[in-house]
Amino acid sequence: MSYEHAESIDIDATPDTVYGVVSDVTRTGEWSPICTACWWDSGDEPGPDGPRVDAWFTGRNEKPSRTWETRSVVVAAEPGREFAWLVGGKYARWGFTLEPAGHGTRLTETWQFRDDGIAFFHEKYGDEAQAQITDRVDAAHSGIPATLARIKSIIEAEQA
């Protein structure tokens with residue numbers, strides 16, 4: 001089983017425009033199939049240049065069976081190029097990379113379930129750990145294309 005996944009989509013907007021949307025974690029609920037809301041932790045709100053590395057935010061996730069919150073730290077914040085974060089500061093890395101593509105942008109969403117996350121799941125879930133890990137892998141594989149399609153739709157509608 002692979003603990004990494006990435007997919008891309010082309011968006012009819014500049015890399016800076018796309019970055020401005022995907023780096024605004026407060027909009028995550030508009031496109032994520034699981035994360036329904038995010039907010040910056042007190043004192044970590046973005047400045048005039050956008051979010052910064054080492055800023056923390058909290059996300060609320062919802063599935064039919066449960067609701068939970070996670071805290072994440074920004075690990076990459078390069079306008080027009082990359083925005084990424086680590087869930088729990090070390091468990092899973094999510095991110096977006098951007099590159100020019102024709103007259104628009106190729107947006108790639110990446111996910112990596114890190115060794116610390118796998119160990120944490122084994123500690124937390126015991127005999128159920130592998131089922132929980134498989135659930136996260138499946139969620140990444142189905143969620144990334146849905147997220148990318150929704151981001152594309154939002155940005156292109158805003159550009160119209």
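Reader: On what basis do the values rest?

Author: This is a predicted model, in which local features need pLDDT of at least 70 and side-chain atom pairs count only at pLDDT 80 or more, whereas totals for chains, interfaces and linings use all residues. Residues are numbered from 1 along each chain as its sequence is written, and side-chain values use heavy atoms, with hydrogens and water left out.

Reader: How do you know whether the radius of gyration agrees with that of a compact globule?

Author: The radius is taken over C-alpha atoms, and the globule rule is 2.2 Å times the number of residues to the power 0.38. For 160 residues a compact globule would have a radius near 15 Å; the chain has 16 Å, and therefore the value agrees. Along the principal axes, the C-alpha atoms fill a box of roughly 50 × 35 × 25 Å.

Reader: Why is Thr105 called buried?

Author: Buried means under 20% relative accessible area, exposed means over 50%, and partly exposed lies in between, with a 1.4 Å probe and protein chains only. Thr105 has 0% relative accessibility, so Thr105 counts as buried. This residue lies in strand E7 (residues 104-113), where seven of the 10 residues are buried. Across the chain, 41% of the 160 residues count as buried.

Reader: Which residues are in contact with Thr105, leaving aside its neighbours within four places in sequence?

Author: Contact means heavy atoms within 4.5 Å. By that criterion the partners of Thr105 include Ile9, Ile11, Val18 and Leu98. Over the chain, among contacts between residues at least 6 apart in sequence, 50% join residues at least 24 apart.

Reader: Why is Phe113 called buried?

Author: The relative accessible area of Phe113 is 7%, and therefore Phe113 is buried. Phe113 also lies in E7. Beyond its neighbours within four places in sequence, Phe113 is in contact with Tyr3, Tyr91, Ala92, Ile118, Phe121 and Ile133. The C-alpha atoms of Phe113 and Arg93 are separated by 6.6 Å, although the two residues are 20 apart along the chain.

Reader: Why is Asp54 called exposed, and why is Glu128 called partly exposed?

Author: Asp54 has 53% relative accessibility, so Asp54 counts as exposed. Glu128 has 49% relative accessibility and therefore counts as partly exposed. Asp54 is found in the loop between strand E2 (35-40) and strand E3 (56-63). The phi of Asp54 is near 80°, a positive value in a residue other than glycine. Glu128 occupies the loop between helix H2 (115-125) and helix H3 (129-159).

Reader: What makes two strands a pair, and which strands pair with E7?

Author: Two strands pair if DSSP finds at least two bridges between them. Strand E1 (residues 4-11) is joined to E7 by eight bridges and runs antiparallel to E7; in this pairing Ser8 stands opposite Thr108. Strand E6 (residues 92-101) is joined to E7 by 10 bridges, again antiparallel, with Glu99 and Arg106 as bridge partners. In the hairpin of E6 and E7, which has two residues between the strands, Gly102 takes a positive phi near 60°.

Reader: How many bridges does strand E4 form with E3, and how many with E5?

Author: E3 and E4 (residues 66-78) pair in the antiparallel sense over eight bridges, and Asn61 stands opposite Trp68. The hairpin from E3 to E4 passes through two residues. E4 and E5 (residues 82-87) are joined by six bridges and also run antiparallel, with Glu82 as the bridge partner of Glu78. The E4-E5 hairpin has three residues between the strands, and Gly80 there takes a positive phi near 80°.

Definitions and conventions: Helices (H or I, at least four residues) and strands (E, at least two) are DSSP runs, numbered from the N terminus.
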